[in-house]
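Thanks for coming. I will take one model today, starting with a surface feature, then some backbone geometry, then confidence.

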Amino acid sequence: MTNRKALTKLTKPTKIILLALLVLTLFASGCTEKEPNAEEIAAQMLEKQNSIEDYSYTIHMTYYMGEQVVENEFKSIYKKPHMVKNFIKEPGKEEETLVLSDGEFRWTYVPGTNTVMKTKIPDTPELTENDYLLLIKIVLNDTNLSLLGTEEVEGRKAYLLEGTPKETGKQATEYSMKIWIDKETWMFLGYEMYDTNGTLASRVEIRDLKVNIGIPDSEFKFKIPEGATIKIMDGDVEFPEELSLEETKERVEFEILIPEYLPEGYTFSYAAAFNTSETSPNDEAAETVILNYKEGKESIVITETAYEGQAPETAIMNSAEDISINGKEGKYLSLGDTKVLKWKLENVDLTMTASLEKDELLKIAKSIQEKA
């Protein structure tokens, strides 16, 4: 699996959680002799990444959707080169899912089903330094940064930056941001995201941050809970094989939905199908089909998923724009050059990802009709 494909497939933890994790692995200790400007702060964030050996923190996320407020929190411990321990608590659930990488295996423990999934970590990590830098550069390339001043966050002196979109008017929803960067460690301490009306849409806070404290390797030794069911996964599984539409239809039980409209130049490239019943909690098991349409190096990826139970929430979409597709409720989100559209038809959840403009994505989505 290529690094970029691995990034495209990720759905849990949510992309917004993953982005926060990736950013936090980069920033490191150090200081400058004089007060830097916004551009110099951004440069230091990238330059100081190698100084970090370990850290721990709690990340608290709040999403504001009209009168509804959704909160989520998880704890993370990290040590170079590839040891990570995350306790993830999803909205509406009391138990915490543990995801632990000891450098050789990835262990995922779901207490609700008392299930452990053990996966061999590939020799080439799924996420590399280049991927980390790519995600940060997406933010920096699409945002104008300015230094508003300094503030204290959780007892730490921090730079307060403001980020505004470099281009305006193309998207119905463009967010501005306030970003806090620790002056001592150059680590991300949190951000607030505002919509075009200046209304707070989401807030991320880093709490109880500890950096380079000498976390022992024993912290990442996984102990199998008593009576747990263990599923051994093949960490070298490649991206599902590329299939024709006819082959894909034979591998899933639900009816695949095909767009009747595609932008000029785009043609069907391949499809893929897989079942997650062996790797997901029982209430989240699903059949999934991926449709890929290409025009040169550009792709439109449509993912269709039929869940056996309730579809899991995707936190990154909580602050997305509400849209309507043929009378059905949906969500639209712009992540740099990548645009995401999410909606549902009957029992099938659909997600479309492409670099196209919003109007073009909606036109494709509206051409996907439920079967009579």
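**Surface, backbone and confidence**

Let me start in the loop between strand S11 (200–211) and strand S12 (229–233), where Ile224 lies. This is a predicted model. Ile224 itself has a relative accessible area of 42%, so it is classed as partly exposed.

Now the backbone. Most residues other than glycine have a negative phi, and most peptide bonds are trans. Which residues go against that here?

Take Glu154, in the loop between strand S7 (143–153) and strand S8 (156–165). Its phi is positive, about 55°, although Glu154 is not a glycine. Trp186 is also not a glycine, and has a positive phi of about 65°. Trp186 sits in the loop between strand S9 (176–182) and strand S10 (188–194).

Are these two buried or exposed? Glu154 has 55% relative accessibility, so it counts as exposed. Trp186 has 0%, so it counts as buried.

As for peptide bonds, the one from Lys80 to Pro81 is cis, with omega near 0°. Pro81 is in the loop between strand S2 (68–79) and strand S3 (83–89).

Last, confidence. The chain has a mean pLDDT of 78, with 73% of residues at 70 or more.

Technical notes. Residues numbered from 1 in each chain as written. Predicted model: local features only at pLDDT ≥ 70, side-chain atom pairs only at ≥ 80, totals over all residues. Heavy atoms only, no water. Helix = DSSP H or I, 4+ residues; strand = E, 2+ residues; numbered from the N terminus. Buried < 20%, exposed > 50% of the residue type's maximum accessible area, 1.4 Å probe, protein only. pLDDT = per-residue confidence, 0-100.
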